Amino acid sequence: MAAVEGLQEDGHADAAQAPARDAGEIVLKLDNIELGFGGVKAINNVSFEVRKGEIRAIIGPNGAGKSSMLNCINGFYKPQKGSISFNGKTMSAMDPHFAASNGIARTFQNIALFRGMSTLDNLMTGRVLKMRRGFLWQALHWGPAQREEIKHRAFVETIIDFLEIQSIRRTPVGRLPYGLQKRVELGRALAMEPSILLLDEPMAGMNVEEKQDMSRFILDVNEEFGTTIVLIEHDMGVVMDISDRVVVLDYGRKIADGTPDEVRRNQDVIDAYLGVPHED
Amino acid sequence: MFYREAGIFKTSYAADQALFRIPFDRIFVISVVLFAALVIPVIGNEYWLGSILIPTLIMAIATIGLNILLGYCGQLSLGTGAFMAAGAFMGYKIATAFPWMPIWAVVILGGICAAMIGVAFGLPSLRIKGFYLAVTTLAAQFFLLWLFQKVPWFVNYSISGVPTAPPREMFGYLVTGAEASVEARYLFILAFTVILALIAANLVRGRIGRTWMAIRDMDIAAELIGIKPLPTKLSAFAVSSFYCGVAGVLWAFCYINTVEATAFDIFRSFTVLFMVIIGGLGSILGCFLGAFFIFLLPIFLNSAPGWVGLEVPTELISHVEFMVFGALIVFFLIVEPHGLARLWAITKEKLRLWPFPY
Ligand SMILES: Nc1ncnc2c1ncn2[C@@H]1O[C@H](COP(=O)(O)OP(=O)(O)O)[C@@H](O)[C@H]1O
Ligand SMILES: [Mg+2]
């Protein structure tokens, strides 16, 4: 398993300690989150926080509850217990509209693009919350409505340039190859100008070259726009390379939390990845 | 060679976002509209204007309405006929209650009443989807028609139950009712068709249209982007029913010249649905292609054997008609859901390369 190899390969205890970046303030905090589906406990009493400007990875075997965690963060799932603090508000569950309008954007494990729409329209859709002109202006598509379209189009074009997807602007995204779809989905999330970007396995199913491109985009977004990133990824090499801190989930519980180096040396994490049988 | 986009460079986003990005398209559409407005009324006879163009244009308006709901927002409705009836009956009530009101305002108010009724029947769309939503709208179809037939208030207690459309003037010409000239009625309808098609095209390429399509393509992702599903779906129901309502008023006032529920039965709903499917889901141009196709095909089938000197019994022709429609609908549903509009787009791609297809 590639994941295990990545873990072993760089797993030296004496690996040079990367200087942790200036820790920003806490922007998102999850406390004692519990989420179940019928009998299945997808998340079991998990707490962690995300600091401003960091790249925070969530890792763990399949079914560990990583995607469910992101779904709680942007309000798609409502946890049964626990609380979420964001933007100075503490709530028992996030509201999707509140999350979106307060700068939480995401991509999905199984691409969730608007397949019938062009790349451009997908990205423009990311900006609907920022567009204000009412129905009548839009019916005329003139004056303020047109100026607004042009302003947002200009912004979306900067993202198109950034992601190097100029040539597929007008292509319906359903016809694009998988790797490009992942890129367009990142573009749609970026179009929301998020303060926190949730990425659910952005590199799954990609070849090495595509992974490198995607890693570069993620790092650039983080550095250039100062976007805080929460990232789920299976490729250990990538995770260890680009993330500042890592949460490890296994069977819905948090088993480790720390810098990549700390996590790599954690015995529970090694066991989880090597498939040591669980006591329960 | 004439139809091309090479060499046309957009120098602004405004130009790139224009309704017709290729000058040829713009010139073509403007020419068609001018031809329809200036030449056709002169050269068209009573039959072509009154029995073909008028109903086709009205049905095209209803088709745009259903296409907004189904093609753009992904919500299936079988209640198109009922929403048209709502427009027709409310238009009648308004026109008779306020005889001084300009007829264009009556048409628009009829559409607005239909929009409100459409929103009411769109409410279940938050919870139910696809087939089940279709069944709900089917209930609207039967309930509303029953209501209009059973409650005499809607027809001002007319003894026959089928009142005639009130005659109304615009710019000094009668445009509604049986006495109005066919040219005046045609131009009145054409004006509505052009303006409503333009508004629809503007809506679908702007923010509202994108929210509709986002709900259609992936409602979960749309919601997480901040699009609220219920207001978005209801806005599609409202706009869609408005178009159907306007079509209903025009149908009653300018085409059949009577206000009667039977004109808007379930077959009307299905005809509009077929026009959407054959014309192309999610295309405004397709609405016109679909409407014309469905109106002209039977006429073509009836006269084509005559052109080659064949005598075919009319009964056989009507059977052939059903078979051809059935086959076409299956074809478009399975092979080309984007309908005639997509076939037209493919032809244009070919034209762009012509005569050097490499
Ligand atoms: N909508 C759902 N309905 C039922 N069970 C779910 C649902 N979403 C997730 N689960 C369950 O929760 C557990 C965690 O899933 P998930 O968060 O997708 O894991 P991961 O992303 O770490 O692979 C799994 O057992 C999964 O079957
Ligand atoms: Mg997952």
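Predicted model: local features only at pLDDT ≥ 70, side-chain atom pairs only at ≥ 80, totals over all residues.

Biologist: Where does A:T125 sit?

Modeller: In helix α4 of chain A, which covers residues 119-125.

Biologist: And what is A:T125 in contact with, leaving aside neighbours within four places in sequence?

Modeller: Two residues of chain A, A:F114 and A:M117, plus B:R210, B:A214, B:I225 and B:I227 from chain B.

Biologist: OK, on to the contact between the chains. How many residues does each chain put in?

Modeller: Chain A gives 37 residues and chain B gives 30.

Biologist: How much area do chain B and chain A bury between them?

Modeller: About 3100 Å², with 64% of it on carbon and sulfur atoms. On the chain B side, B:R210, B:L224 and B:I225 supply 25% of the area buried against chain A, more than any other three residues.

Biologist: B:R210 again. Which side chain does it meet in a salt bridge?

Modeller: That of A:E149, at 2.9 Å from N to O. The rule finds two salt bridges across the interface of chain B and chain A, and also 11 residue pairs in polar contact, both partners at pLDDT 80 or more.

Biologist: Which elements of chain B give two or more residues to the side touching chain A?

Modeller: They are α1 (13-16), α7 (182-204), α8 (207-217) and α9 (219-225) of chain B. The one that gives the most is α8(B), with eight residues.

Biologist: How do the residues on that side of chain B divide into nonpolar, polar and charged?

Modeller: There are 15 nonpolar, five polar and 10 charged residues on the side of chain B that touches chain A.

Biologist: Let's stay with α8 of chain B. What does B:D217 do there?

Modeller: B:D217 is placed in that helix, and its side chain makes a polar contact with the side chain of B:R216 at 2.9 Å. Leaving out neighbours within four places in sequence, B:D217 is in contact with A:F114, A:R115, A:G116 and A:M117. Two of these, A:F114 and A:M117, are also in contact with A:T125.

Biologist: How far is the C-alpha atom of B:D217 from that of B:Y72?

Modeller: They are separated by 9.1 Å, although B:D217 and B:Y72 are 145 residues apart along the chain.

Biologist: Last one, B:Q141. Is that buried or exposed?

Modeller: Buried, since the relative accessible area of B:Q141 is 1%. B:Q141 is found in helix α6 of chain B, residues 130-150.

Biologist: What does the side chain of B:Q141 reach at 2.9 Å?

Modeller: The backbone oxygen of B:F264. The B:Q141 side chain also makes a polar contact with the side chain of B:S269, at 2.6 Å. Beyond four places in sequence, the residues in contact with B:Q141 include B:L78, B:G79, B:T80, B:D265 and B:I266.

Note on methods. Residues numbered from 1 in each chain as written. Chains lettered and ligands numbered in written order. Heavy atoms only, no water. Contact = heavy atoms within 4.5 Å. Buried area = accessible area lost by both parts, 1.4 Å probe. Salt bridge = Lys/Arg side-chain N within 4 Å of Asp/Glu carboxyl O. Polar contact = N/O pair within 3.5 Å; in protein donor to acceptor, adjacent residues only side chain to side chain. Helix = DSSP H or I, 4+ residues; strand = E, 2+ residues; numbered from the N terminus. Nonpolar A, V, L, I, M, F, W, Y, C, P; charged D, E, K, R; others polar. Buried < 20%, exposed > 50% of the residue type's maximum accessible area, 1.4 Å probe, protein only.
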